[in-house]
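Student: Please give me a close look at one part of this model, the place where the two chains meet. Take me from there into the parts that build it.

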Amino acid sequence: MQHTDPKSIQLTISVSFTITSVCIMCFLGVLLYQQFARKTETLYAENSEQLLNQTAISLEDYLRNMRRISDAMYYSVIKDKDLAIDGLDEEMDLLYEANKDNLISIACYAGDGKLVAAAPIANVKAGVSVLGQEWFQDAVSQLENFHFSIPHVQNLFDDPSYRYHWVVSLSRSVELTNNGDTMQGVLLVDMNYSSIKQLLEKANQDISKEYIYLMDRNGEIIYHPKQNLIRTGLLSEDNREASGYEDDTIRERFMGEKRMVTVKTISYTGWKLVSIVPMETFSMGMEETRYLVILLVTLALLATVVLNQLVSARIAKPLKKLNDSVKEWESGNLNPDIYVGGSLEVVHLGKTLQSTVSQIHQLMKDIVTEQEEKRKSELDALQSQINPHFLYNTLDSIVWMITGERYKEAVFMTTQLGSLFRVSLSRGKTIISIEDEIRHAKNYMGIQKIRYKNAFQVIFQVEPEVEQCCTVKLVLQPLLENAIYYGMEYMDGEGEILVKGYKKDGDIYLEVEDNGLGMPEEEAARLLTEKPRERKRGSGVGLINVDSRIRLRFGKEYGLIIESHPDEGMKVTIHIPAIPYTEENQQLLEEGKYKVKKQEEKL
Amino acid sequence: MNKNRLYIGLLVAVMLAVLVYASYGMVNAGKKESYYSVAVIVDDSSSDRWTAFKEGLEQGAEEEKMHVNVVSTSSFLNLHEECSILSRELENGAQGVIVQLTGDDVDGLFSGLVSAVPTVLIENEGEAKSLFTTVMPDSYKIGRTLGENLLSGEAERLSGLRIGILSGNQKMKSQRLRLKGFEETIGRNGPEIVWTLSDAEIQDQTMLETYWKEKTVDVLVSLDNDETELAGDFILTLFTDKPKLYGEGRSEKAVYYLDKGVVSSLVVPNEFFMGYQCIRELAGKLNYYQEDDGRDTEVDFLSVTGENLYDRDTENILFPNIS
């Protein structure tokens, strides 16, 4: 896994929000544009179809009108006339005059191609035979139908003004009556092609690339907005292909251009109106929309980026200030000014950190105090090891014993004193076994008993199991000293000091009980809380000192328990944990690491 | 942090650039395309012979988004007269010109006038062929085709056949080439060219009638549209010994004379294409800054007789204008 440097919270928020916003905006932009494009395409298709239908209706109207002219001429004039008696010219002229805007000429030919009547009256071109012309052949070959030709230049009549006309010929076979005999003829209505052209030009007025063209059933172009270009081969159209299309909208590709082709068949003639909408038209129409979408998306993105910057700065600023506070703390300022501000969570974090810093600060102060007390206690303990007064009295007693030739007692006392000092020193150890502590107490009491001439008795009742556990050294001696000085001094041989050692509920209890004068409960309770009073006599190590040393070493749940009643005596109990006396435990206790190790073992 | 600020700054700068681009695009999207103004100067612009050419111009202008102004002119007396009109059009803001040179630009007046304007020459390139883009039929080929038509039409009486030529404006190089083409084709095959008259010599029908009385011919050959119409008009006045007429032209009157049999064969250039192509060439110069590099576009032509006059293909060339 590749390691990356941690980034600032502002950068992370800003970048992630910006990327998300860009993606969403771009996605929305594309979606919006596509939606617009689709709608526009549909709209174009509908408009194109609508325009095509309107044009088809107009064209059908025009062609229907032409058929009506032909019908009127045939059914109302030709069928009622006998050519031997009446001419067709008058009615034909009337019809022509009424419709001359859309017509070039009306003519009726006999089956042999001879002109029967024509309007407007004109000279027939010399040498022109209609028999070979397409419209005539169509009419003769299919008698029942109307025949619409494709546009062509009329080649029938002489126009001295040099004019030539493009026409669409509507021809039909008719029955002519001549002298009572019926014969076949052909009625020709030459429609003015420019009328059709104008009609379709209207539909092609739009300047866009969309256009409509007209072709016959075989794909021959009747009208195309670029007809001349197609005729001269400068442009091509897929009219042959489109002539096979049914009335529908088809998407096709022609000459590399995608386009939408809509076909509509003109009734009766079989002509087909074709609408061409190049797909390019849609995109041209969408140009403004495209720019608008880009504009909107970019504006939104810009706003989002700026907003992201502001929001991320607002979120990150309090955290940064908090971080600066932590950095200040890390750099050694133990009482930094922790920032509290910003959002609710950051305020909470700041307050918690502030409280933690304060607590740690207090704890550190406590530790320093405790350490000082511990050092002081240990100093006191050391001092207690060499009490000049006690030593002076003992040595004085030994001198007097020797002088009085009580050598045996002097030897005993000297031995006890030596043993006492050995245990007191313990090679500098603070933690010793209870066995050694008891021995020390016994030595001490042995000396004191001689000094006090056996004014009291000392009884030791210590369980052997207890002797192999650890204790802080010199805890019993001050208790015994207190018992002697405050309990035994006025007892006249009836004094008794009971030293007990036992194990209870996993802890060790060492009791020093005397049957001396005792004291009131309130005064006894004050022994552990008040400052040591002016020492009268004794080792100089008070009960408070012992209590403090035990609590410092084993914890606050341990220490001294004092029970006393006036005239009944006093009992001081040492409560310590039962820790087997091994070299390892002794070492751990000396270094103050025993509790830490036990907690680790529990975990 | 500075790096991050730089990135954010760059992103904002890019967005601002896109904003400016999109705004510019939006503002300009609705604007109509600009149209170039093109002046067309031809001899006797109202003549019917230019109808197909104008159709071609119109079609091309529609596609290339140009305003085409066919300057109203009568017959030019000389190139200087034409140049004065051209000068006026350029002063009026014509951005491109299409010109039928009615003479050879021997003194460089024309070249000097249009030196800074995209120019296309039609029908006659004068003596400045290499300087300008031209769109025109091969005049020599037209003359040769006329000769070939005559030879095939009069094959039975070539020997001793007397020919009179109406050669049109011989100040124009194109007309000289037509004459040359015709003469070189005929010269090898026996007929005799009795006379050759330019428009300077035969200015109207009366002059032709006068000349005709002096030297009658069996066949008249007209080398341009006006001469064909003139010859047609003249032949219709004759009651006997009507000469046959072989000509060049494309006006409805010329076609009518062909239809009536007055003209035996007519050479018709595809002037619709000529007009259309002129605009395409000019568009290339105006839109894409193409140089006046002497590009030549040859316009095709066809020979029309009474037999193929109403053929579909011929109709399309002869009558591009729908009336």
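**The interface of chain B and chain A**

Tutor: Between chain B and chain A, 9 residue pairs are in polar contact, both residues at pLDDT 80 or more. A polar contact is a pair of N or O atoms within 3.5 Å; within protein, one must be able to donate a hydrogen and the other to accept it, and residues adjacent in sequence count only if both atoms are side-chain atoms. This is a predicted model: local features need pLDDT of at least 70, side-chain atom pairs count only at pLDDT 80 or more, and totals for chains, interfaces and linings use all residues. Residues are numbered from 1 along each chain as its sequence is written, chains are lettered from A and ligands numbered from 1 in the order in which they are written, and side-chain values use heavy atoms, with hydrogens and water left out.

Start with the extent. Chain A gives 43 residues to the contact and chain B gives 40 (contact means heavy atoms within 4.5 Å). Together the chains bury about 3,800 Å², 67% of it on carbon and sulfur atoms. Buried area is the accessible area (1.4 Å probe) that two parts lose on being put together, summed over both.

Now the charges. The interface holds 4 salt bridges, each a side-chain nitrogen of Lys or Arg within 4 Å of a carboxyl oxygen of Asp or Glu. B:Asp259 pairs with A:Lys125 at 2.3 Å, N to O. This pair joins two chains, because B:Asp259 sits in helix α9 of chain B and A:Lys125 in the loop between β3 (123-124) and α3 (134-141) of chain A. B:Glu63 also bridges to A:Lys226, at 3.4 Å, N to O.

Which helices of chain B each supply at least two residues of the side that touches chain A? They are α1 (2-29), α2 (51-64), α9 (252-260), α10 (271-288) and α11 (312-318). Helices (H or I, at least four residues) and strands (E, at least two) are DSSP runs, numbered from the N terminus. The largest share, 14 residues, comes from α1(B). By class, this side of chain B has 23 nonpolar, 9 polar and 8 charged residues. Ala, Val, Leu, Ile, Met, Phe, Trp, Tyr, Cys and Pro count as nonpolar, Asp, Glu, Lys and Arg as charged, and the others, Gly among them, as polar.

α2(B) and α10(B) lie at about 35°, with axes 6 Å apart. Axes are lines fitted to C-alpha atoms, for helices over the stretch in contact, and angles run from 0 to 180 degrees between N-to-C directions. The crossing of α2(B) and α10(B) is right-handed. A crossing is right-handed if the near helix is turned clockwise from the far one by less than a right angle, and left-handed if anticlockwise. Residues in this contact include B:Phe53, B:Leu57 and B:Glu63 of α2(B), and B:Phe272, B:Tyr276 and B:Ile279 of α10(B). The contact has 10 nonpolar, 5 polar and 5 charged residues.

Follow α2(B) out. B:Lys65 lies in the loop between α2 and β2 (66-70) of chain B. B:Lys65 has a positive phi of about 55°, although it is not a glycine.
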